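Please read it with the sequence and the coordinates at hand.

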Amino acid sequence: MKSINIAKNNFLYVVILLLWVMAIGCDRDDFQKLEEREWNLVWSDEFDGEAGELPDPTRWAFDLGTGEGGWGNAELQSYTNNPENVSMDGEGNLVITAIQDGNTFTSARIKTQGLFSQQYGRFEARLKTPYGPGLWPAFWLLGDNIETVGWPQCGEIDIMELRGQEPHIIHGSIHGPGYSAGNPVSKSYALVNDRFDADYHVFAIEWDEDKIDFFVDDYLYQRIENTDVPGEWVYDQPFFILLNVAVGGNYVGFPTGQTPFPQQMIIDYVKVYEEVK
Amino acid sequence: MKPNILIRFTQLITAAAFLALLAGCERDITDLEEASFPTNPEVFIDGFSAGLNYAAFGGSVPTAFSVDNDVTYDNSAASMRIEVPDANDPRGSFAGGVYYLDTGRDLSGYNALTFWAKASQSATIGEIGLGNDLGQNEFVVSIQGLNVSTGWKKYIIPLPDPSRLTQERGLFWYAAGNLDGNGFTFWIDEVKYEKLGTIAHPEYAILNGEDQVETSFIGVTKSIGGLTTTFNMPTGINQAVSAAPAYFEFVSSDPSIATVDASGTVTVTGGPGNVEITAHVGEVAAEGSLTMQSLGDFEQAPVPTHDPENVISIFSEAYENIPVDYYNGYWEPYQTTQSADFIVEGNRVLNYTDFNFVGIQFTSPTIDASSMTHLHLDIYLPNPLNAGAEFNIEIVNFGEPNVSGSYTIPIPVDQAQQWISIDVPFEDLGGLTSRDNLAQIIFLDESENIPGFYADNIYFYNDGAEPPTPDEPESPAPTPTHDAANVTAIYSDSYDVIPGTNFFPDWGQATVVTEIQIQGNNTLRYQGLNYQGIELASSQDFADMDYLHLDFYTANSTELYVYLISEGPVETGYTLSVPTTGWSSVDIPMSAFAPVDLGGVIQLKFDGNGDIFLDNIYVHKE
């Protein structure tokens with residue numbers, strides 16, 4: 001088992017450091033000192049397959065088709081398990097490709113449902129997003145009990161969502177009973193003079209019984225505590241992982257004639273850790 | 001400018017060498033970099049940046065640009081105000097100019113030219129960019145058709161390859177015309193160069209990203225166009241900018257077959273063989289390629305030999321060509337034919353590929369080819385042929401209605417890959433009933449056997465022959481000029497005639513005789529002549545007459561005789577020259593009819609074949 005140490009945050013410390021950094025204009029990574037935590041890697045996929053290979057069937061399953069009502073969001077794409085929509089690139093990445101064919105779109109959505117789920121821990125992915133109006137990539141979690149209690153009672157943790165027309169902003173959110181769909185608990189994180197499709201970034205949450213912390217490149221930009229939600233806290237059960245690229249839908253709007261296609265989300269790895277107490 | 005650079009450069013080297021000596025290090029002078037230029041990113045913030053000049057384009061309103069202290073972005077001190085003139089403004093037809101430096105700047109550390117802009121109404125600025133230095137314009141970049149609204153908005157012009165801009169003098173330029181005849185005003189502010197992390201994914205293309213394949217020959221030159229650079233903007237949409245060839249490095253896969261120069265001009269130098277021309281910008285390969293399949297030496301079409309006086313030329317280097325609307329109309333939706341014309345050793349050759357049909361049009365003006373007899377063209381079919389290939393030509397005369405004629409040439413298999421000279425006589429173009437308003441030549445491949453062809457020397461000509469005689473005269477016979485006092489007429493509207501003549505005696509002949517009127521003039525018509533007599537009412541004394549006059553016309557007779565007959569009968573024929581070109585007038589000496597008794601002529605007779613028109617039959621004295 002691989003283990004890493006990541007500092008646990010100390011907000012006072014952060015604030016002081018923030019002020020200090022604002023004063024001298026130093027890089028943010030130099031100041032955000034978080035309390036140390038020890039993690040054990042329990043599940044991962046480095047996507048080291050041959051070019052054109054589908055995702056490892058022992059780790060990933062597919063959502064296929066157009067779902068009910070465009071997966072509940074009026075999304076336009078149809079999900080497939082064709083290598084042209086989802087396959088390894090032979091260089092250590094999984095590539096999910098959204099393809100336009102006239103007015104129809106194909107893409108892919110993969111999930112660990114039924115294969116892997118975990119309660120609490122660190123969930124992270126290193127990836128490059130697609131871009132362009134109407135593109136909606138996501139790295140997210142759903143509660144394992146979705147089959148029995150339904151959504152949003154099962155809970156949803158969106159580690160990374162992006163609107164392709166704003167390629168420099170990602171959003172971290174949770175959806176639960178009383179705070180779902182257009183009204184989640186959410187926060188955005190924007191890059192200054194950079195964008196998420198230009199290079200790889202690491203998107204992560206660290207989740208325990210009290211809170212969920214959201215990170216971009218190990219920078220904590222949002223903490224949601226179990227007392228912060230305007231409804232029931234439904235995050236004390238195992239969640240499974242999803243990765244997808246949607247096209248269109250309520251969240252992002254339609255693609256336009258100026259949206260470049262095809263579009264790719266390139267995923268270097270997905271890793272899940274549990275905390276060593 | 002150059003001397004300045006040299007002086008500065010020399011100074012720098014001297015100073016550096018001196019420093020090096022002082023420091024006692026072993027630095028070599030050759031390690032020194034070239035003189036560097038200022039990296040100041042500012043073009044116009046609240047006024048001209050250091051060293052900036054403005055020059056208006058020729059033909060533009062010289063005063064279109066001014067500095068505005070009232071309308072500015074973010075309440076800054078000043079903006080650039082551009083007034084685009086109305087149509088027909090006597091001062092100039094558009095607004096346009098260059099903001100340039102005398103000495104260059106090093107812009108290689110930036111990746112975009114940015115500015116804020118707004119306009120007095122929603123408007124489109126024709127072209128705006130950088131790299132115009134009033135000189136070579138080597139690194140010109142522009143956005144064509146930039147839409148500007150009435151609110152301030154930031155615009156970004158990405159730099160295709162900043163590393164090339166180490167001493168750029170053309171910092172900014174624009175050209176804008178009126179909107180439907182109406183002028184407008186636009187303002188530009190905060191013009192500067194920036195290093196933006198929010199533009200990404202540069203893509204480069206030659207030939208608009210297409211992979212083109214062409215058959216070619218030694219000596220062919222071709223310019224690679226469609227050079228674009230596309231960046232993804234902060235809004236996630238792509239923005240294309242047009243970029244000068246100097247940003248692209250063109251590469252030939254086999255310079256022994258074809259070379260390509262820095263401007264993207266390809267010259268085929270060898271063959272047979274294939275060569276691929278590609279390009280890259282910096283490290284990034286451009287989309288699109290040109291594959292030249294060189295067949296080796298090019299065989300030029302035969303040089304035309306027709307006298308230029310007798311030629312109306314559509315496409316030939318041998319003659320002066322009339323104005324042509326197009327050599328390929330790209331007629332939608334069914335035409336597949338593309339054009340890939342080329343120039344070999346200065347001679348342009350039309351090259352039609354993916355051929356199904358293609359039209360050449362010339363309507364400014366149309367051609368009056370009434371005095372021409374043929375269409376000529378040379379074609380070359382570069383692909384091997386299957387049996388049964390046919391090349392179809394259609395010529396269209398505009399009018400009410402349009403008329404056209406078609407001509408089909410079978411192309412034997414062994415005629416491929418060589419020049420074929422085609423001469424189409426107008427008389428073989430059934431349906432082309434007039435050619436005084438010719439407007440189109442259409443080539444078709446109805447056999448679906450000819451994938452493409454080259455064409456050269458397309459022209460109409462007169463082969464020197466008089467135009468063929470129509471089956472029927474369009475005008476009456478010429479009016480006779482002999483003095484009526486000297487004339488005894490048998491058939492004519494111009495003279496009193498001997499009364500009582502029978503022009504339709506039944507001698508058992510097959511000839512059909514009718515009298516017709518041509519523009520009101522009575523004319524005798526013999527259709528299907530074998531023989532035909534004319535019976536005078538009584539015996540006539542022509543002894544003191546010198547000539548028999550006749551006007552005759554025939555397009556199709558090959559044998560024709562006229563006879564005088566006296567009692568006996570005694571008859572003698574005289575050979576008439578047929579067919580005629582228009583009306584033919586003869587004055588036959590009466591002595592030619594010996595031994596006919598000229599004192600007692602009772603009949604005339606025509607013998608021969610074909611359709612004959614007759615008028616003004618009379619005898620006269622000198």
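In this predicted model, A138(A) stands opposite N244(A), a residue of strand 17 of chain A. The strands concerned are strand 10 (residues 135-143) and strand 17 (residues 239-247) of chain A, which run antiparallel and are joined by 9 bridges; strands here are DSSP runs of E with at least two residues, helices are runs of H or I with at least four residues, and both are numbered from the N terminus. Two strands count as paired if DSSP finds at least two bridges between them.

Residues are numbered from 1 along each chain as its sequence is written, while chains are lettered from A and ligands numbered from 1 in the order in which they are written. Because the model is predicted, local features need pLDDT of at least 70 and side-chain atom pairs count only at pLDDT 80 or more, whereas totals for chains, interfaces and linings use all residues.

Chain A averages a pLDDT of 90, and 89% of its residues score at least 70, pLDDT being the predictor's confidence in each residue from 0 to 100. Over residues 1-30 of chain A, however, the pLDDT is below 50, although this stretch has 43 contacts in the model beyond near neighbours in sequence; a contact means that two C-beta atoms, placed from the backbone, lie within 7 Å.

Chain B has 1 helix and 43 strands. An open sheet of 4 strands in chain B has the order 27-32-29-30 and antiparallel pairing. Strand 27 (357-361) and strand 30 (403-410) of chain B stand at its edges with a single partner strand each, so one side of each is left without a neighbour in the sheet. Two strand pairs of chain B are set out below.

| Antiparallel pair in chain B | Bridges |
|---|---|
| Strand 29 (residues 390-397) and strand 32 (residues 438-444) | 6 bridges |
| Strand 39 (residues 560-566) and strand 40 (residues 570-576) | 7 bridges |

I393(B) stands opposite F443(B) in strand 32 of chain B, and L560(B) stands opposite L576(B) in strand 40 of chain B. The hairpin of strands 39 and 40 of chain B has 3 residues between the strands, and G568(B) takes a positive phi near 145 degrees there.

Of the 622 residues in chain B, 38% are buried, that is, they have 20 or more other C-beta atoms within 10 Å of their own. The largest nonpolar core, in which I82(B), F186(B) and F453(B) touch the most other members, holds 120 residues; such a core is a set of buried Ala, Val, Leu, Ile, Met, Phe, Trp, Tyr and Cys residues joined through C-beta atoms within 7 Å. Strand 33 (residues 453-461) of chain B gives the most to this core, with 7 residues. A second, separate core of 60 residues includes L76(A), Y79(A), I170(A) and I224(A).

The contact between the chains takes 15 residues from chain A and 10 residues from chain B.

Note on methods: A residue is buried if 20 or more other C-beta atoms lie within 10 Å of its own, exposed if 12 or fewer, and partly exposed in between; C-beta atoms are placed from the backbone.
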